[in-house]
Amino acid sequence: MASGKDSDRTLGYMTRKDTEVKLPRPTRVKNKTPAPVQITAEQILREARERQEAEIRPPKQKITDSTELSDYRLRRRKEFEDQIRRARWNIQVWMKYAQWEESQKDYARARSVWERAIEGDYRNHTLWLKYAEFEMKNKFVNSARNVWDRAVTLLPRVDQLWYKYIHMEEILGNIAGARQIFERWMQWSPDQQGWLSFIKFELRYNEIERARSIYERFVLCHPKVSSYIRFAKFEMKGGEVARARHVYERATEKLADDEEAETLFVAFAEFEERCKEPERARFIYKFALDHIPKGRAEDLYKKFVAFEKQYGDKEGIEDAIVGKRRFQYEDEVRKNPLNYDSWFDYVRLEQTVGNKDRIREIYERAIANIPPAEEKRYWQRYIYLWINYALYEEIETEDVERTRDVYRECLKLIPHSKFSFAKIWLLAAQFEIRQLNLAGARQILGNAIGKAPKDKIFKKYIEIELQLGNIDRCRKLYERYLEWSPENCYAWSKYAELERSLAETERARAIFELAISQPALDMPELLWKAYIDFEIAEGELERTRALYERLLDRTKHYKVWVSFAKFEASAAEQEEDEEEEDQEETDAIERKKECIRRARAIFERANSYYKDSAPELKEERATLLEDWLNMETNFGNLGDVSVVQSKLPKKLKKRKPITREDGSTEYEEYIDYLYPEESQTTNLKILEAAYKWKKQKLATSEEEYD
């Protein structure tokens, strides 16, 4: 007894296991080498076709008398009716049924089947087409008319029904009836093809006026560019130039703002070209270029350039080419109005043309595109639009007031609390100076210092006042400059240089003293050098030495030591210049020896500092000793090179490990310096390490012996 799990009432006495399809176990291919005889796919298909059995077809029946025919018809009708009962929605069954009745020459029954099918689904236009074809094929003209009439009444939006109906009437020669059907169809406002079919129908019978009236109704029903162009071409084909021009003019009045207006204007201009009216065509092109948006006028520009090359003069051709480039720039600035490079190129193009009003218009449009964020990097290109605009107004148009307004508006627009542009302030001030308006220039620079002080503004303002000889103003400006930026060594140096040029030595020295006493400086080495050079130029050697000592209290950089030593070495020459020429040579040599002794002492101090206080600065110490050696060599007979050579280090190439990010280790070569005092310490360390090694070795041998 099978279990309830395996049993199933629908399977009868079999179990579910018996009904399972058992597939053969796939055999493993042991030998994968290719067979000596290969079989192609074509051979396999040919063999399959040869072995295919012939199709089994039912035998043909021969009907010998009316009784058998009646039985056959009854049986077939019953089959069709059964199929319809099972699938009433299946159109193919209805069509086969009707066609079979038609083949039996029983037209009444066939017509009845078609009527029953249409009653079930009258929205299916295929049924109506087949029904009307049945009536037409069997020459039931009135019945066919009846079918077509019912079809177009129930389905007026199916164009195929109208075409077939009209075609039948036209074949029958019923032109008036076909025209009447067209009129009925036009009341439903069909698409363009329907109207064009009606027009072609009238033209086939040379009804020009009727076709013209249909075109008038057509453009009212479909007021599109293509409709008017077809209408104008129809008139042109008939030789009616005035009528065609009138159609184009009506189209331009109604469709000037249409998306396809470019096509209309091109067609209108080409029409005028064919009529030998180049001036009219040129006017149409220019009108179109002024009214159509630049993004949709690309083809129009190409046509205009080609037209000007054919009919225009040199100026017209250049104007057309400029117009084409203008269109490109308009397209670029329309897509991205913040692309200031495109605006620069556009302005340059207009400047080559020379139309001042248009150039101003482009500049105004360009500067209206203010950067979206108040960050200087967004404004750096934008601000040059204002600069170029102001320079154009000043140089090209020579309009002083307009230039002044441009600078004023630009300075109002910039957010000076966040950032500013010194270039704009300076250009505005220089413009006022060129106009001999010194008060206006001072006002602009004063506002600049008050709102957005910058180094460039202070430098230029001081330069202007210095050229004018206003020393008191220069001093006040330097004071303001240093109040704003007390760490600026350039300002301190220039202020002191100004006082020195005015022979105000004490004022210059006081400025330098005040400068080096500042808690923070941006380039203190330049300031100290300027101060030292100032004292040397004044011949104040003791003051210079004191300055060097004060500088060494702040920094022990080797360059300071070298500079101090070189100063001491050259002090003898400066003293010689001050004394008389007939002084004895012996005194000069003694004085030079004293200077060399002083320079050598400074080098000794520097070497001692690096040796005792900063032993890690080996490279700086080596550089110092090399400079010392060069100086001793330059002294000639008075120099003592051996003093320095005993202190020179040895250069050693060493390797140090460097760990990479991935954990691996690599070695890098570097130069190390071994000084004489370090070599003695190194030798002692080597002897100590050897003694330890010997002692350890003796201890190990004793343990092995025990």
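Helices here are DSSP runs of H or I with at least four residues, numbered from the N terminus. The model you're looking at is predicted, so local features need pLDDT of at least 70 and side-chain atom pairs count only at pLDDT 80 or more, while totals for chains, interfaces and linings use all residues. Residues are numbered from 1 along each chain as its sequence is written, and side-chain values use heavy atoms, with hydrogens and water left out.

Let's start with Glu487, in the loop between helix H26 (471–484) and helix H27 (489–501). Glu487 is partly exposed because its relative accessibility is 35%, and that label covers the range between buried (under 20% relative accessible area) and exposed (over 50%), using a 1.4 Å probe and protein chains only.

Arg230 sits in helix H12 (residues 225–237) and is partly exposed, at 40% relative accessible area. Together with Lys200, Lys233 and Arg274, Arg230 forms a positive surface patch.

Next, two buried residues. Arg245, in helix H13 (residues 241–255), counts as buried because its relative accessibility is 15%. Ser420 lies in the loop between helix H22 (400–413) and helix H23 (422–434), and is buried at 3% relative accessible area.

Conventions. Patch = residues over 30% accessible without salt bridge, like charges linked within 9 Å, V, L, I, M, F, W, Y side chains within 5 Å. Areas by Shrake-Rupley, 256 points an atom, 1.4 Å probe, with all protein chains shown as cover. Salt bridge = Lys/Arg side-chain N within 4 Å of Asp/Glu carboxyl O. Lys, Arg positive; Asp, Glu negative; His and termini not counted. Charge placed at Lys NZ, Arg CZ, Asp CG, Glu CD.
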